[in-house]
Amino acid sequence: MCGVDCGAGPSGDDMFDRREHWETVYRTKGTTDVSWFEAEPEVSRKLIRSVASGGSGVIDVGGGASQLVDRLLADGYSPVAVLDVSATALEHARRRLGEVGRQVQWIVGDVTQVGDVGRFDVWHDRAVFHFLTDPEDRRKYVALAKRTIPVGGHLVIGTFAPDGPEKCSGLEVCRYDAAGLSAEFGSDFQLVQEMEHIHHTPAGKLQKFAFAVLRKNR
Ligand SMILES: C[S@@+](CC[C@H](N)C(=O)[O-])C[C@H]1O[C@@H](n2cnc3c(N)ncnc32)[C@H](O)[C@@H]1O
């Protein structure tokens, strides 16, 4: 469970504008300089491959400018969508992909605010859910995931681990292990795989991540 006091820090402040925060990040920093950058999103790709083959639909929630979308297209997943609160982040990814980017559904929106996004066999999230320090935001996120993933589909999610960093991009985060993540999504989902991962940031720091793969059973 999340132990962050929701009244503290920017994420608990009514004046905090999530969209503005992330737009500023992506307008002022290079996409390969941000702490979460990975040249090869190996863990995400491996976990997605373990539950879905080419032809399955994948949505990368809070995908930003991540290169995971490039790999998903190369691996033959379809349809592929990337949702992010920052239009600038998605524009970076779209430009990088060029013509092939036309195959991707780009969705600009806050995952806690958007309506339906369609149906996808796999919902992927690396380092987004952990920003939701408000239980009501987490409830909305879980509700959207439930509407989006069909029975038999999967959620592949990675957050900072319990002994990982307390902040990301200057924002407080909730830290989880796989069991804690599983608890957040309730009894409709079953934990089928878990993995710990140490991310090396471009600045040379180490960040502990916990990944969980949850199957939607009903
Ligand atoms: C730490 S970055 C991770 C980006 C990407 N998943 C990766 O692994 O490279 C967090 C991303 O989530 C996006 N984000 C943060 N809060 C969000 C929200 N409530 N709804 C949608 N996107 C959000 C940010 O714009 C940013 O791109």
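**Notes on the ligand site**

1. Helix H1 (18–28) and strand S2 (80–84) are each the source of at least two residues in the shell around the ligand. Of these contributors, H1 gives the most, with 3 residues. Please keep in mind as you read that this is a predicted model.

2. Which residues come closest to the ligand? The shell holds 18 residues, and the closest are Tyr-26, Gly-62, Asp-84, Val-111 and Arg-126. Sorted by class, the shell has 9 nonpolar, 5 polar and 4 charged residues.

3. An N or O atom in the side chain of Arg-126 lies 2.6 Å from an oxygen atom of the ligand. Turning to nitrogen, a polar side-chain atom of Asp-110 is 2.9 Å from a nitrogen atom of the ligand. The backbone takes part as well: a polar backbone atom of Val-85 is 3.2 Å from a ligand nitrogen atom. On its own the ligand has 590 Å² of accessible area, and the protein covers 98% of that.

4. Where does the ligand sit? The space it takes is the largest cavity. A search of the whole structure turns up 1 cavity of 30 Å³ or more, and the volume of the largest cavity is about 550 Å³.

5. The lining of the largest cavity consists of 35 residues, with Tyr-26, Gly-62, Asp-84, Ala-127 and Val-128 nearest its centre. By class, the lining divides into 19 nonpolar, 10 polar and 6 charged residues.

6. Which helix or strand gives the most to this lining? H1 does, with 3 residues. At least two lining residues come from each of H1, strand S1 (58–61), S2 and strand S4 (122–126).

7. Two backbone details deserve a friendly flag. As background, most residues other than glycine have a negative phi, and most peptide bonds are trans. Here, Ser-78 and Pro-79 are joined by a cis peptide bond, with omega about -5°. Pro-79 belongs to the loop between helix H3 (68–74) and S2.

8. Look for Ala-127 in the loop between S4 and helix H5 (135–148). Ala-127 is also among the lining residues nearest the centre of the largest cavity, the space that the ligand takes.

Methods:
Residues are numbered from 1 along each chain as its sequence is written. This is a predicted model: local features need pLDDT of at least 70, side-chain atom pairs count only at pLDDT 80 or more; totals for chains, interfaces and linings use all residues. Side-chain values use heavy atoms; hydrogens and water are left out. A residue is near a molecule or strand if one of its heavy atoms lies within 4 Å of it. A polar contact is a pair of N or O atoms within 3.5 Å; within protein, one must be able to donate a hydrogen and the other to accept it, and residues adjacent in sequence count only if both atoms are side-chain atoms. Accessible areas come from the Shrake-Rupley method with a 1.4 Å probe; for residues, only the protein chains shown count as cover. On a 1 Å grid over the protein atoms alone, a cavity is a set of points where a 1.4 Å probe fits but cannot get out, and a pocket is an open set with protein on both sides within 12 Å along at least five of seven lines; lining residues have an atom within 4 Å of a point. A molecule sits in a cavity or pocket if more than half of its atoms lie within 2 Å of its grid points. Helices (H or I, at least four residues) and strands (E, at least two) are DSSP runs, numbered from the N terminus. Ala, Val, Leu, Ile, Met, Phe, Trp, Tyr, Cys and Pro count as nonpolar, Asp, Glu, Lys and Arg as charged, and the others, Gly among them, as polar. Grid points are joined across faces, edges and corners, and a volume is the space filled by probe spheres set on the points.
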